[in-house]
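Please describe the fold of this two-chain model in a short report. Cover the secondary structure, the sheets and the nonpolar cores.

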Amino acid sequence: MLVKQDRSREQESGDKWEVQLRKGCLELAILAALWDERRYGLEILRRLESDSDLIVSEGTVYPLLSRLKALGLLRSEWVESDAGHPRKYYALTPAGKQRAAAMAAIWAQFSSSMSTLLGPLTKGSRSHV
Amino acid sequence: MCDEAQQRIEAYLSRLQKRLRGLNREDVHEILEELRSHILDKAAAGGEVTAAGVDGALAAMGSPEGLASEYVADNLLTRAAVSRSPLRVLDSLFRWASLSVAGFFVLVGSILGYVLGAIFILWAALKPLHPRTAGLWVSRDSTGELTLSLRLGFGSVPAVGRDVLGWWVVPIGLLVGWGLVLLTTRFALWCAREYRRMHLPRRVEAH
């Protein structure tokens with residue numbers, strides 16, 4: 001019983017850590033999804049779903065988009081569509097591009113040094129499985 | 001699109017609009033139009049916009065209250081990035097408190113912090129006006145119990161006891177008061193950030 005509780009607590013803190021990690025990546029993921037072209041909200045959501053395993057709800061992404069816009073990292077424009085209603089497209093501002101590039105550089109540096117450190121661990125877990 | 005689908009969209013958006021009251025009017029308009037366009041796109045994924053499709057799209061967005069709450073918490077964080085004035089923070093907190101229990105408790109805590117901070121600053125400011133009465137008074141009552149009282153200086157000089165801080169009231173009051181105000185703002189922002197964190201990406205269940 002006690003062991004069971006300990007294990008579930010362990011798993012819970014592991015989950016929390018994972019949530020934090022994903023949370024930290026979300027802003028970068030959104031900026032990255034807009035790197036090469038402007039997109040509207042649903043496109044961004046689908047892009048995040050298909051190209052990363054960040055499953056995000058619209059309730060999270062839309063408020064975040066409006067915050068990134070208020071911070072001057074994104075700009076938006078309304079574009080008429082074939083669907084019969086306009087869509088709000090977001091694109092990176094120069095400040096947003098700069099920020100995305102800076103974040104990507106930090107990410108690359110960090111993940112490569114972490115990979116070196118984690119190499120033995122991941123090899124170990126593979127042989128376990 | 002059938003009338004029923006249209007009605008459901010309007011009902012959802014008008015509930016959301018009510019809860020976004022207080023935000024800049026243009027921003028609210030943009031939010032509502034953007035979500036309308038999103039719902040239509042999502043509901044039409046299979047071709048025609050149907051009532052069932054709209055229901056699915058609305059369910060994915062969560063309750064209007066929850067969504068409004070996220071917009072307001074984000075708005076608080078954005079505004080604070082520009083100015084950390086307690087008035088602006090409180091203004092956003094009042095809106096947040098009307099939307100969620102969490103917001104209510106953060107508001108109560110913040111009001112407490114700001115009021116306490118303001119009292120200390122007032123204390124320092126009143127010392128030059130009431131040099132003989134404002135201060136930290138220590139007195140011993142008839143039973144010998146020591147009592148400490150923070151006096152703003154209104155009223156007459158107390159019959160017993162003495163002011164232990166003297167002019168130190170000014171720097172101490174300003175420092176403590178200002179510190180409380182800063183801490184309260186940080187507390188409010190920390191809560192808003194934590195609140196947003198609770199609603200962030202979950203693991204992919206299928207993997």
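## Chain A: overall make-up

In this predicted model, chain A contains four helices and three strands. Starting at the N terminus, its elements follow the order α-β-α-α-β-β-α. Chain A has 129 residues, of which 26% are buried. Among its contacts with a separation of 6 or more, 44% link residues 24 or more positions apart.

## The sheet of chain A

The three strands of chain A make an open, antiparallel sheet in the order β1-β3-β2. The edges are taken by β1 (39-40) and β2 (74-79) of chain A; each has a single partner strand, so one side of each has no neighbour in the sheet. β3(A) is mostly covered, with five of its six residues buried.

The pairing of β2(A) with β3 (residues 87-92) of chain A is antiparallel and consists of six bridges. Within this pairing, A:V79 has A:R87 of β3(A) as its bridge partner, and A:E77 lies opposite A:Y89 of β3(A). The antiparallel pairing of β1(A) with β3(A) has two bridges. Here A:R39 faces A:Y90 in β3(A).

## Helix α3 of chain A

Helix α3 (residues 58-70) of chain A lies across β2 and β3 of chain A, and its direction is at about 115° to that of β2(A). The length of α3(A) agrees with expectation, because 13 residues at 1.5 Å a residue should span 18 Å and the end C-alpha atoms are 18 Å apart.

How many of the 13 residues of α3(A) are buried? The count is ten, so α3(A) is largely enclosed by the rest of the structure. The buried residues of α3(A) include A:V61, A:Y62, A:L64, A:L65 and A:L68. A:E58, A:T60, A:S66 and A:R67 are also among the buried residues of α3(A). After α3(A) comes A:G72, which has a positive phi near 85°.

## Chain B: overall make-up

Chain B has seven helices and three strands. Along the sequence these elements give the pattern α-α-α-α-α-α-β-β-β-α. Of its 207 residues, 32% are buried. In chain B, residues 24 or more positions apart supply 62% of the contacts with a separation of 6 or more.

## The sheet of chain B

Chain B also has an open sheet of three strands, with antiparallel pairing and the order β2-β1-β3. Its edge strands, β2 (146-151) and β3 (162-163) of chain B, each pair on one side only.

Strand β1 (residues 135-140) of chain B runs antiparallel to β2(B), and six bridges join the two. B:L136 has B:L150 of β2(B) as its bridge partner, while B:R140 lies opposite B:L146 in β2(B). β1(B) and β2(B) form a hairpin with five residues between them. In the turn of this hairpin, B:G144 has a positive phi of about 90°.

## Nonpolar cores

In soluble globular proteins, nonpolar side chains tend to be buried together. In this model, the largest nonpolar core has 55 residues. Which of its members touch the most other members? They are A:I30, B:I39, B:V54 and B:W96. Helix α4 (residues 64-82) of chain B gives the largest share of this core, with seven residues. In chain B, domain 1 (1-62) and domain 2 (63-207) each contribute at least three residues to this core.

With its neighbours within four places in sequence left aside, B:I39 is in contact with B:I9, B:V54, B:A57 and B:L58. There is also a second, separate core of nine residues, with B:W123, B:L126, B:L180 and B:V181 among them.

How values were computed: Residues numbered from 1 in each chain as written. Chains lettered and ligands numbered in written order. Predicted model: local features only at pLDDT ≥ 70, side-chain atom pairs only at ≥ 80, totals over all residues. Core = buried A, V, L, I, M, F, W, Y, C linked by C-beta atoms within 7 Å. Buried ≥ 20, exposed ≤ 12 C-beta atoms within 10 Å, placed from the backbone. Domains from an automatic or database assignment. Contact = placed C-beta atoms within 7 Å. Pairing = 2+ DSSP bridges. Axes fitted to C-alpha atoms, helices over the stretch in contact; angles between N-to-C directions. Expected span 1.5 Å × (residues − 1).
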